[in-house]
Amino acid sequence: MTLKEQFQELFNKIKPIVRPILSRYTIMGVFLLFMLIYSALVLRINHLSSKEPSDSQVSSELKTIPRPKVDPATLAKIQQLQDQNIQVKALFDQARQNPFAE
């Protein structure tokens, strides 16, 4: 008897026992597999969302952010226009007092 024939004979003996079990618990097996994958995904997301960067990572990222630069000529022109127009001056003062007002 060859190995293939032995496996075929063993499969034929087990088949009547396994078939009712598989048909009865297929839905539960699929559900358990889905829940296992889902719980692993939730745990991984929880782990990644609670991870905080170190102080060295934060400082290295802050060093790469360029500071905004204002052209002195533009700043002088804005101040000159603000001083000339009273309505604009009032608008600037109001915006300084409450920057979130519309």
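Glutamate 9 is partly exposed, with a relative accessibility of 33%. The model it belongs to is predicted. Lysine 13 is exposed, at 54% relative accessibility.

These two residues form a salt bridge. Their closest N and O atoms are 3.5 Å apart. The count of salt bridges comes to 1. Side chains of opposite charge can pair when their charged atoms come close.

Where do glutamate 9 and lysine 13 sit in helix H1? They are 4 residues apart, and so about one helical turn separates them. An α-helix has 3.6 residues a turn, so residues three or four places apart point the same way.

## A helix with a kink

Helix H1 covers residues 3–49. H1 has 47 residues. A straight helix would reach 69 Å at 1.5 Å a residue, but the end C-alpha atoms of H1 are only 52 Å apart.

Where is the kink in H1 centred? The kink is centred on tyrosine 25. Its angle is about 55 degrees.

## Serine 49

Serine 49 also belongs to helix H1. Is serine 49 buried or exposed? Serine 49 is exposed, with 55% relative accessibility.

The side chain of serine 49 has a polar atom 3.2 Å from the backbone oxygen of asparagine 46. How far is serine 49 from phenylalanine 11? In sequence, 38 residues separate them. In space, the distance is 48 Å, C-alpha to C-alpha.

Key: Residues numbered from 1 in each chain as written. Predicted model: local features only at pLDDT ≥ 70, side-chain atom pairs only at ≥ 80, totals over all residues. Heavy atoms only, no water. Salt bridge = Lys/Arg side-chain N within 4 Å of Asp/Glu carboxyl O. Helix = DSSP H or I, 4+ residues; strand = E, 2+ residues; numbered from the N terminus. Buried < 20%, exposed > 50% of the residue type's maximum accessible area, 1.4 Å probe, protein only. Expected span 1.5 Å × (residues − 1). Bend = angle between axes of the 7 residues up to and from the residue. Polar contact = N/O pair within 3.5 Å; in protein donor to acceptor, adjacent residues only side chain to side chain.
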